[in-house]
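Biologist: Please show me the model, and then I will ask what stands behind some of the labels.

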Amino acid sequence: MRSHLLNDTTAEHYRRSVADGVGRVAAKLAATRQPFTGVTPDALAPAVDAVDLDRPLGDTGAALDELEELYLRDAVYFHSPRYLAHLNCPVVIPAVVGEAVLSAVNSSLDTWDQSAGGTLIERRLIDWTAERIGLGPAADGVFTSGGTQSNLQALLLARQEASAPELSRLRIFTSECSHFSVQKSATLLGLGPDAVVSVPTDGHKRMQAVALEAELMGCVSEGLVPMAVVATAGTTDFGSIDPLPEIAALAAQYGAWMHVDAAYGCGLLASPTRRHLLDGIERADSVTVDYHKSFFQPVSSSAFLVRDAATLRHATYHADYLNPRRTVAERIPNQVDKSLQTTRRFDALKLWMTLRVMGADGVGRLFDEVCELAAAGWELLDADPRYEVVVRPSLSTLVYRYVPEAGTRPELVDQANLHARKALFASGEAVVAGTTVGGRQYLKFTLLNPETTVGDITAVLDLIAGHAEQFLGENLVHAS
Ligand SMILES: *Cc1c(COP(=O)(O)O)cnc(C)c1O
């Protein structure tokens, strides 16, 4: 069994095994023509359940053969131009090379003595990102597992910075379109059930600054404490960007921590043409960025940034066996002092490889392309009488619904849209997302693949209309 340990004597075995795995994926990518096979959990589960985990195959090739049936054959492939559902991007090759390197070397970024250069590379990327945001000379941050963890850390810092006699008095203000991790974090942080105040959005799904001001005023007049304002730079559904300068001014006026959740919109930081859409982000106290959403990075690759490095102390705890207090005086760079995690992957290497091979403009141009595609998709939808589209996109999502002729019961329209999404998924020809707007069922394209064309969008819209029409045909017949 020692032959499976990666070390000086097994380098050749390692090379062949990884090449075998890479070869299978490469063949799969080359042969895959649609994003999904439409497999159902019921169809796939028996094969997975039948594997006897106590009887190993003993051989990487055999395990990969088995994996072909259990996973690779039916996986959902984000590189497909017709995968248009969630905030998953096709990944860039330099990042995948980074992934292979980082998992083999297996550094852990909690302490310098487990990572060395890895820590310095992560720090450079944090500085690079903070500089692109404009957070100033005292900025700092750390890589995280994702936007959810970054948002939690932001609110932890905000809670610790707020002076309140009791947690139940603290309030967080965020738009009705913000990410659900804000609510989840508030609960994890022990704030009361009413801690998160939902601020209405305007016709473009951006937080209404006037409404925020009214809520802040109301909060203070009731003797409550405005702990944080969470602005979203790229809402998950609409890609809408809250008015950051106005929100920054209000947060400052009311002494609230300003967090910008740019999990999705962070791609604009590298955009050669659209960076201005984030104007005002430089006034944030903290920022969430998800490179695994709009920098074409494999999951996970994400970071949390703060304007003032000193605020990260709220995540600092010392352990004699890991990062004893003296290491601070000795200026040993232990990233665990800033992180909610302990053992932590060297995810930063993926972004490093990407920037060193492609450069920021290269990544940013890819993001620009999908934003342009979304604009073209909006024109299509707006001109198509079969569809109604909610807002003109600021980033790369489109929320829309199939609308049959007037007089169809609203419930039936909801069902037709839901059915179309499910039927499309079952066919595997394309994958789209769903959401609700004003309580009604909508469909969503999240466009993150520069290989997707207007022709793909047109084709998918025709498929959806076909499924919806078939559903309505059947159900109207049954009703009469
Ligand atoms: C995706 C997303 C998150 C959560 O990020 P994860 O990486 O999935 O944890 C937070 N905020 C917004 C706006 C998002 O779109």
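Modeller: This is a predicted model. A polar side-chain atom of Thr236 lies 2.9 Å from an oxygen atom of the ligand.

Biologist: How much of the ligand does the protein cover?

Modeller: The protein covers 85% of the 380 Å² of accessible area that the ligand has on its own. The surrounding shell has 14 residues, and helix α6 gives the most, with three.

Biologist: Why is the pair of Tyr291 and Phe295 called edge-to-face?

Modeller: Ring centres must lie within 6.5 Å, and planes over 60 degrees apart count as edge-to-face. For Tyr291 and Phe295 the values are 5.1 Å and 85°, so the label holds. Both residues are buried. Ring pairs also link them with Trp128 and Phe143 into a cluster.

Biologist: What makes Arg392 a charge over the ring of Trp378?

Modeller: The distance limit is 6 Å from the ring centre, and the charge must also be within 35 degrees of the ring normal. The charged end of Arg392 sits over the Trp378 ring at 3.9 Å from its centre. Arg401 sits likewise over the ring of Tyr442, 4.7 Å from its centre.

How values were computed. Residues numbered from 1 in each chain as written. Predicted model: local features only at pLDDT ≥ 70, side-chain atom pairs only at ≥ 80, totals over all residues. Heavy atoms only, no water. Phe/Tyr/Trp six-rings, centres within 6.5 Å; stacked < 30°, edge-to-face > 60°. Buried < 20%, exposed > 50% of the residue type's maximum accessible area, 1.4 Å probe, protein only. Near = heavy atom within 4 Å. Polar contact = N/O pair within 3.5 Å; in protein donor to acceptor, adjacent residues only side chain to side chain. Areas by Shrake-Rupley, 256 points an atom, 1.4 Å probe, with all protein chains shown as cover. Helix = DSSP H or I, 4+ residues; strand = E, 2+ residues; numbered from the N terminus.
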